Amino acid sequence: MEYTELSAYDLPAGVVTSWTPRADAGRWQQDPRDLSPGHEAHLRDSEPGSWIGSVLRVPGPYEPEPLRRAIHAWVSRHEVLRTTVTRDAGSGWRRVTAPAEAVAVRDLVVGDLTAAQVTALLPSLLADVSPTAWPHCVLASVVPEPAGEGSGSQPGADGFVLAFGADHSVMDAYSQLLWFEEIVSLYDAARRGVPDAELRALEVGSHVDFSAEDRKLAMTLAADGEPVHRWLDFLGPDATFPRYGAEGVTHPAANAAEAARPQASRSAWLATADQTDDLSARSRARGASAQSGVLATFAHAARRVHGIDRLRFVLPMHTRYAPQHAAAVGWYVGLCPVDLDLAGVDPVLREVDAGGAGGGRAGAGGAGAGRVVDGNALTAAVERAHAAVAAGKPLVRYSFARIAELGGITDGPHLAVSYVDTRFVPGAERWSAWDARTLRSPAYGTDELYLWFLRTHDGLNVSTRYPDTPEAHAATDALIEELRSCFRAFGTAGLSEAVA
C-alpha cells in the first residue's frame, strides 16, 4: 500500500468509463443539520482541482450492471455522499440531502484509449469534483483488452481498474482505505444477484450527524479558553506554523509563478514488516506506541542529516470516537500540535567498528553497516515522542477552524507528519494482490513539507510531497536514506545486535 499521485500508478490501455451519481433536482430536501466549522473553512479556502481518492485492480470479470449496482449501494450506505450545500443570500451555506432512492449512477463510455491516453485523462475525470457542486465523488473504470491476439478472452475477463476521486469535505484517509474491501465485496455480491435492498444495508453512522455535533462543540470554545491559548502558544507570537528547520527546504513563494509551481512527490519503502514490528515492540515496552517509535526515528534522522534537535509539526489524527463512525465515510480528522525536542538525548543509533562491540555482523556491508540500536537512547527518544503527542492530543477533538477564527490565525500548516496503521482495516491483507493505492491530487507551492507514514502488512512506507527545488529534493533524499538506515537496525538481529 502506497499513498501517491495517480501519475505514479501503472494504468493499462483499455475502455474508460466514468461513473457519476445523479439525483433529480426536485428530490433534494432541506437538511437542518449544521455544517462543521472545518467544512465551512474548506468551502472558503479549497483550491480547484484538489481531490483525494483510491485505485485498485478489481479481481474477476468486468460486468457493467453489477458495477453500477455496487457503486449505487456504496453511495446509498453513506449519507455524506448524498448531501451537498447551497448558498442562501445573506445567510451563508445550507445543507441539502437526497434520499438513497433518489440517486442513480450514470455511466459514460469515454473511449478505447492507449495507456498514455488513460494516464493523461483519468486524473482530469477524478478532479471533476468540487466542494460546492454535487456529486462530491466520481468514479472511473478502465477495462483492459486481453493480452495477445486471438486469446479468446473477453475484455476485462481477468479484472479491471477502478478508481474514485472525492472532495475532502466528504472523505478522509481512513475512508479511502475502507473503500477497497467495501467496493470489491459489493461488486462480488451484485454479481451473485444479491438484491439492491440487501446491498444497501449497512448499520453505520452518518458524517452529517457528526458534523452537526462537531459544530456544537466548536461553538462552546471561547477566545480566552485553553484550546485557543494552547494553539497560540504552539504557533508563537506571530501565529504562524513552524517549518522544517533545514535551510532552503521550504520557503514562502516569492511570486505567483512560485506559488503555482507543482510540488514534487515521492513514495519510498523504509522498513520490512519485521523491522517495523521490532520498533513497535521496543516502543510498547516503554509504554508508548509504534507511532511514537516512528516519530522518534524521524526526529533522529532529521537531527542526523540536518542538525535539527527540535521538530515542531502538525500531526493529523482521527476523530472517529464513536463506534458507529468506525466504518463511515466522511472527514473525521483533527489536528495535534507536536513539539518534539531531542536536545540532550543520545543518538538512537550509534556507530561501531566492524566486528566490534555490539555483534560481529556490524561489518557485513551495505547501508546501515556498523550501526547498532542504542536501547537507552531509543527509550528516551520514544518517551519524548510519546509525551509530545500526548500533550497535544486533547486539542484534536476541537475544530481547528473555529480555533483559528477565535485566535486570529490565518496561516496554515507548513510541516505535517501523519502516521496510519493500516493492518487492521478490513481487506488489508488483500491490498497487494489488488494493487490497491490511495491517491492525492497534485499540490502547488514552495512552503510545505508533508510526510505520510503508512504501516502495512508489507512494512513501513513513507509518502512525501515537497517543493520541486534542488534544495528540497536533496534534503528529502537525505532524510529518506537516513530513515532507511535507521530502520535497518531493527528487526533482523535481536534487540541489541548490529545489523548489516
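This report describes strand pairing, a helix crossing and aromatic contacts in a predicted model.

Strands of a sheet pair through backbone hydrogen bonds, in either a parallel or an antiparallel arrangement.

The pairing of β5 with β6 (residues 92–97) is antiparallel and comprises six bridges. Within this pairing, Arg87 stands opposite Trp93 of β6.

## Strand β4 and its partners

Strand β4 covers residues 52–58 and is mostly covered, with six of its seven residues buried. β4 pairs with strand β9 (residues 160–166) in the antiparallel sense over seven bridges. Val161 in β9 is the bridge partner of Arg57.

β4 also pairs with strand β16, residues 437–440, again in the antiparallel sense and here over four bridges. In this pairing Val55 has Arg437 of β16 as its bridge partner.

## Crossing of helices α2 and α4

Two packed helices are described by the angle between their axes and by the distance between those axes. Helix α2 comprises residues 64–77 and helix α4 residues 173–191; their axes come within 8 Å and cross at roughly 130°. Angles from 65 to 115 degrees count as roughly perpendicular and those over 145 as roughly antiparallel, and α2 and α4 are therefore oblique to each other. The crossing of α2 and α4 is right-handed.

## Aromatic pairs

The structure holds 17 aromatic pairs. Among them is the pair of Phe210 and Tyr332, whose ring centres lie 4.7 Å apart with the planes at 55°, so the arrangement is tilted. Phe210 belongs to helix α6 (residues 207–218), whereas Tyr332 is in the loop between β11 (310–318) and β12 (333–341); the pair therefore ties together parts that are 122 residues apart in sequence. Both members fall under the 20% cut-off for burial: Phe210 has a relative accessible area of 16%, and Tyr332 has one of 0%.

A further pair joins Phe298 and Phe313, with ring centres 6.4 Å apart and planes at 70°; the pair is edge-to-face because planes over 60 degrees apart are placed in that class. Phe298 lies in helix α10 (residues 290–306) and Phe313 in strand β11, so this contact ties together parts that are 15 residues apart in sequence. Phe298 and Phe313 are both buried.

## Ring cluster and charges over rings

Ring pairs also link five residues into a cluster: Trp74, Phe164, Trp179, Phe180 and Trp431. By residue number, Trp74 falls within α2 and Trp179 and Phe180 within α4, while Phe164 falls within β9.

In two places an arginine lies over the face of a tyrosine ring. Arg397 lies over Tyr398 at 5.1 Å from the ring centre. Arg440 lies over Tyr3, with a distance of 5.0 Å from the ring centre. Arg440 is also within the residue range of strand β16, which pairs with β4.

How values were computed
Residues are numbered from 1 along each chain as its sequence is written. This is a predicted model: local features need pLDDT of at least 70, side-chain atom pairs count only at pLDDT 80 or more; totals for chains, interfaces and linings use all residues. Side-chain values use heavy atoms; hydrogens and water are left out. Two strands pair if DSSP finds at least two bridges between them. Helices (H or I, at least four residues) and strands (E, at least two) are DSSP runs, numbered from the N terminus. Rings of Phe, Tyr and Trp (its six-membered ring) pair if their centres lie within 6.5 Å; planes under 30 degrees apart count as stacked, over 60 as edge-to-face and the rest as tilted. Buried means under 20% relative accessible area, exposed over 50%, partly exposed in between (1.4 Å probe, protein chains only). A charge sits over a ring if NZ of Lys or CZ of Arg is within 6 Å of the ring centre and within 35 degrees of the ring normal. Axes are lines fitted to C-alpha atoms, for helices over the stretch in contact, and angles run from 0 to 180 degrees between N-to-C directions. Angles under 35 degrees count as roughly parallel, over 145 as roughly antiparallel, 65 to 115 as roughly perpendicular and the rest as oblique. A crossing is left-handed if the near helix is turned anticlockwise from the far one by less than a right angle, and right-handed if clockwise.
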